[in-house]
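Me: I am new to this structure and would like to learn how to read it. Could you take me through it one feature at a time?

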Amino acid sequence: MAKKMLPAAANELLSALLHTGTTSPGRPPRAARSSPSVVHRCAPPAARLAGAGTTLVVDVDGALLLPRRSLFFAYFMLVALEAGSFLRGLALLLLYPAIALLGALGGRDLAVRAMAAVAFCGLRVGTFRAGRAVLPRWLLEDVAAEALEAARRAGDPARVVWASAMPRVMVEPFLREYLQVPAVAAVAAREMKMVWGFYTGLMEYREATSSSVLRKNAAAGGGDDDVVGFSAGGSMAEFLRSPLASICKELYVASPEEHSKWRRLPRRDYPNPLVFHDGRLAFLPTPLGAVAMFMWLPLGAVLSVARLAVAMALPYRYATALLAATGQSWRLRGALPPDSRGASGQLYACNHRTLIDPVYVSIALDRQVRAVSYSLSRVSDMLSPIGRTVHLARDRARDGAAMARLLGRGDSVVVCPEGTTCREPYLLRFSPLFAELGGERGVVPVALAVENSMFYGTTASGWKGVDPFYYLSNPRMCYTVEFLGRVDTAAVGEGKAASTDVANRVQRLIAAVLGYECTMLTRKDKYLMLVGNDGAVAALPPRRQVR
C-alpha cells in the first residue's frame, strides 16, 4: 500500500533498482519502458540537477571509473587472490578468455556473473574484508575527477543513486567510506547469495537493502519526481539495456573521446584520505599483469630463498653488491651520523614501512643494531640477519627498562615509534617512549622509503610468517635510507620538556624529508579498520622480552 502512494517515477525507479537482472518466481519480467526521451552528449550540468525532485542515477562502472577494457577482471582478480588464493586467481585467469567471449556474445552482465562465481564461490562471509581493506585503494585510482564533480552537482546528495554491476560487497565500502556517499543515498548493486556462512557465487537483489532509502527520496521529491541518468559512451549500450535507463527521463552520456580525456582524481582531492589498505599485490592485476605474475611466481619463490641465504651468509658490503645484481637495491641519501659506539649507545627512530626496516638501517651503518618490535612472527625473527629482535610487551615501564638496558651496554637500538607499518605517504602517531630514553646522546631520526614492483612485504590479516618471502620475491625493489640531524632529548629527562613534544617533532622532521603527512592515527585504528580487532598480540614469555 505504501508503494502505491509513491510518485510513478519513483515506483519505477524502485522496481528497476530492486529487480535488475532478476525475475521473481512465477511472475513474468516487467515490460520495459522506452529509452530516455532525450540523450545529451555531455555530463549533466548543475542547473539540471538543482531541482528538488530530481534523482541522479550515476553509472559507477561506466562514468565514475575511468575507461579500462579489463576493468571488472582486475577487481575480481583482486578478490580471488586476496580473499581466496593463488589457485583461485589462476582459475579465473585461465577462464578469462571464455568469460570475455561470453561477455562479447551475451553482454557485460553475463561476464560479471561468471567472474563473481569464480571469485566468490566458497569464500567465508565472516572473514571477507577485501571490499573494505583491498579494493578501495585501486578503485580510488580509477575515479575520474570530472565524473565525481558532476555527481556532486546534484542539489541533494541523498538523491543520487550509485549503480554498479559489481556485487555490493565490492563497491559499497569504497563509496561510503572514501567518496563519502551518505547513508541515506542508495547504492544499486546486487548482493552475493550466502549459504551456511559461505558465498555461493550467485548474485541477487534484496528489497530491504534500498527500498526504504528510495521511498525517502521519492517522498522528498513530491509528485514531480524525475530521474536523470549519467553514463559514458563506452558503457552507454550496457546502460541502455538496463531497466535503470528505461525510467530515466533524460540521459547524459560523455562521449568516448571526452571520457578518455578525463583525469584521475588526485590523491589530495580524495574526499576521505586513503591511509590504510591491505593485500599482497602492489599492482593492479589486469589480464597481462596477472599472466606476468603467475609466470614470475616460481622464479620469485626460488629467488627469495636465494636472496635470504646471501643476506644471512655474507657481510653487508658483499651481500648488498650481490643482491643489487638480482634487483634488490638500496641507496643512502645524505651523510652517515657520527659513530655511536660508547657506553650509552645510540637510539635511532625511523618510520615503519616493512618488517626489515632495521636491517637496512644496519646495512647503512655497516654494523649490527638491535631492533625492538611489538609484534614479529617467529619465522621472521629466526631469519633476521641482524640477530634476534627484542620483543616489547606494550607495558610502558617494562619496555622502557628493556630498551634502557640495551642502550646502557652500548648497543645501537632501532625503534619504529609508529608501532605498525603504513604503506601510504602518511606517518602514524609516534609513541613518545623513545624520547624518554635518548639521554645525552639524543635520538637520530631515520627517514625510510621503499619501492615494491609486485608484492607488499606486509599484511594486517594474512600470515605474517611469509612477509619476508613476499618482499624478497619482488622482481625489483629499492630501499632509501636518510639519517637526519640528532634531536636532543636531555630536556625530557630533566623534566623541562614533554616526551610527546619531542616525539611529534621527530615525526614532523621525518615527514618533511619524505613529503609525507603526519596523522594522529595509531596501530589500533589500522587494525580496527582492516581486520576488525585492535591488533593486540599475545606477549612472548619473559625470557624473550629482554636480551
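Reply: Gladly! Helices (H or I, at least four residues) and strands (E, at least two) are DSSP runs, numbered from the N terminus. Before we go on, please keep in mind that this is a predicted model: local features need pLDDT of at least 70, side-chain atom pairs count only at pLDDT 80 or more, and totals for chains, interfaces and linings use all residues. Residues are numbered from 1 along each chain as its sequence is written, and side-chain values use heavy atoms, with hydrogens and water left out.

Me: Is D142 buried or exposed?

Reply: The general idea is a cut-off on relative accessible area: buried means under 20%, exposed over 50%, and partly exposed in between (1.4 Å probe, protein chains only). D142 counts as buried because its relative accessibility is 2%.

Me: Which residues does D142 touch?

Reply: A contact means heavy atoms within 4.5 Å. Not counting residues up to four places away in sequence, D142 touches L64, L65, L66, R68, L71, Y75, R264 and L284. Now turn to L64: leaving aside its neighbours within four places in sequence, L64 is in contact with D59, D142, V143, A144, A147, L148, W162, F174, L175 and L179.

Me: How many residues does the largest nonpolar core have?

Reply: In soluble globular proteins, nonpolar side chains tend to be buried together. A nonpolar core is a set of buried Ala, Val, Leu, Ile, Met, Phe, Trp, Tyr and Cys residues joined through side-chain atoms within 4.5 Å. The largest one here has 95 residues, and those with the most contacts inside it are L64, Y75, F76, F120 and W162. Helix α4 (residues 71-84) gives the most to this core, with eleven residues. Domain 1 (34-261) and domain 2 (287-531) each supply at least three residues to this core; the domain bounds come from an automatic or database domain assignment. Apart from it lies another core, of 26 residues, among them M403, V413, V502 and V506.

Me: What does UniProt place at residues 72-98?

Reply: An unreviewed UniProt entry gives the feature "transmembrane region" for residues 72-98. UniProt positions are given in the numbering used here, feature names are shortened, and annotations may be inferred rather than shown by experiment. In the model, that span is 96% helix and 0% strand, and its end C-alpha atoms lie 15 Å apart.

Me: Which residues of helix α16 are buried?

Reply: In α16 (residues 316-324), the buried residues are Y316, A319, T320 and L323. They cover an arc of only 95° around the axis, so they sit on the same side of α16; the arc is that of the directions from the helix axis to the C-beta atoms. On the other side of α16, R317, Y318 and A321 are exposed. The cover over the buried residues of α16 includes α15 (287-313), β8 (328-333) and α17 (357-365).

Me: And how many residues of helix α10 are buried?

Reply: Helix α10 (residues 168-177) is mostly covered, with seven of its ten residues buried. Those are R168, M170, V171, E172, P173, F174 and L175.

Me: Which side chain makes a polar contact with T55?

Reply: A polar contact is a pair of N or O atoms within 3.5 Å; within protein, one must be able to donate a hydrogen and the other to accept it, and residues adjacent in sequence count only if both atoms are side-chain atoms. T55, in strand β2 (residues 54-59), has its side chain joined to that of R159 by a polar contact of 2.8 Å. T55 counts as buried, since its relative accessibility is 1%.

Me: Where does R129 lie?

Reply: Look in the loop between α6 (108-120) and α7 (130-133). R129 is partly exposed, at 33% relative accessibility. A polar atom of its side chain lies 2.9 Å from the backbone oxygen of V531.

Me: What is the phi of Q180?

Reply: Most residues other than glycine have a negative phi, and most peptide bonds are trans. Q180, however, has a positive phi near 55°; Q180 lies in the loop between α10 and β4 (187-195). D366 is not a glycine either, and has a positive phi of about 60°. Its place is in the loop between α17 and β10 (370-373).
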